[in-house]
Amino acid sequence: MKKLWSLLLAGILFLTGCANSNGEVESNYASNELLTITGSALSYSVSIESKNELAAANLIKDYFEEIENRDFAIWGPIQIAGEDCYKVGVRGRYTDGETYEIDTLAVNIDNGKQYFLNRETEEFEMLSATPTFACKTSPNGKLRIESMGMNADGYGTSGLYSLEEMRIIDLDTKETLWAMESMLCNEFSWSEDSRYVAVQNSGRQWTQTNVVDTSNYSTILLPGIYDITEECTEVAMPDENAPMQQIEIEQWISPMSIQINFEWVTKDATVMKGTYEYNLETGTLTVQEVEENNYGS
C-alpha cells in the first residue's frame, strides 16, 4: 500500500509541472517541446533552466486577450535569420479542455525581434508592428469571438501585417458559426444576454463597428459618419482626405442598446467628437453629444 501511495504521489508531482521544493516550474528537456504553460501560469517563478522559455512566452502573451483561455507551447532554440529564437505555438481551449490552433510565432529574447509563421511558405517573417489577437467569451460561456492568423500578404503598401480573420465559435460543439476577414486590429464586446456582439475592425486610418446577431448570425451595420451628420445637420462634414474616421465601441446600455464613440476631421482641421446610442430593436439613432476641438490638440 505504501508503495502504491508513493507511485501516486510521484505521478501527481510530475503532472503538476515538476515543481521543485521552492515551488518553481522546471522545463522538461526530454522532448522537443520544452515547456507548455497555460495563461494563468505565466506569472509563476521558474528555475534557471527555463527562464528563456518563460521570457519568450511573456513577450508573446501580450499579443493575446483572455490568456486564461490560451495555451502557449514553447520550442527552441530554433534558427531564424541566423539567430537563436524560441518558437511559441498558441492554442485556444474548448469547454472540454481540447485545444485548437490560433497561431505560431517566434521571438528572439536577446534583441526583441518577433516573427509570425507564414502558413503558405512555412517560413517565419518578421513583424513590423505589434498585433493584438482580440478575444471575448460570451457572458453565458457558450460562444467565443476571436481574432486569429496573420495575413501573409501584408496590408496595402504599409508593410504591416493584418490579422487574417475574426470568427465566432461554439465552445461545446467546436463549430465555427460566423467568420469575417479582419484588418490590423479588432475589439469585441458582448451584450449581457449573449445574443449580440459588437465587432470593431480597424485599418490604418479608420475604425468601423458593426453588431453580429447570434440568433441568426446576421450583421447589423451601425450608423456611420454620414448618418450622424444627417441626424445633426449643424455639425461640419468630414474631410474626405483626412485620416481617422472612427466609429468605436463605448459600452452596452442594455441588451438592445449600444453606445458608440465617433470622431472625424473637417476641412478646416476641426475634430468633431461625440457619442451616440443605437437601439437594435427600433433602429433608432440618438446623438447624445458632439464637441469640437482643433486637430492635434
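**Notes on the predicted model**

1. C135 is buried (under 20% relative accessible area; exposed is over 50%, partly exposed in between; 1.4 Å probe, protein chains only), with a relative accessible area of 0%. C85 is buried too, at 0% relative accessibility. The disulfide count is zero, where a disulfide is a pair of cysteine sulfur atoms within 2.5 Å. A disulfide is a covalent bond between the sulfur atoms of two cysteines.

2. This is a predicted model: local features need pLDDT of at least 70, side-chain atom pairs count only at pLDDT 80 or more, and totals for chains, interfaces and linings use all residues. Residues are numbered from 1 along each chain as its sequence is written, and side-chain values use heavy atoms, with hydrogens and water left out.

3. Look at helix 2, residues 51-61. Helices (H or I, at least four residues) and strands (E, at least two) are DSSP runs, numbered from the N terminus. Buried here are E53, L54, A56, A57, I60 and K61. They sit on the same side of helix 2, because they cover an arc of only 160° around the axis. The arc is that of the directions from the helix axis to the C-beta atoms.

4. Strand 9 (163-170) and strand 10 (176-181) pair antiparallel over five bridges; pairing takes at least two DSSP bridges. R167 stands opposite A179. Five residues lie between these strands in the hairpin, and K174 there has a positive phi near 70°.

5. Most residues other than glycine have a negative phi. A81 has a positive phi near 55°. A81 lies in the loop between strand 2 and strand 3 and is exposed, at 70%.
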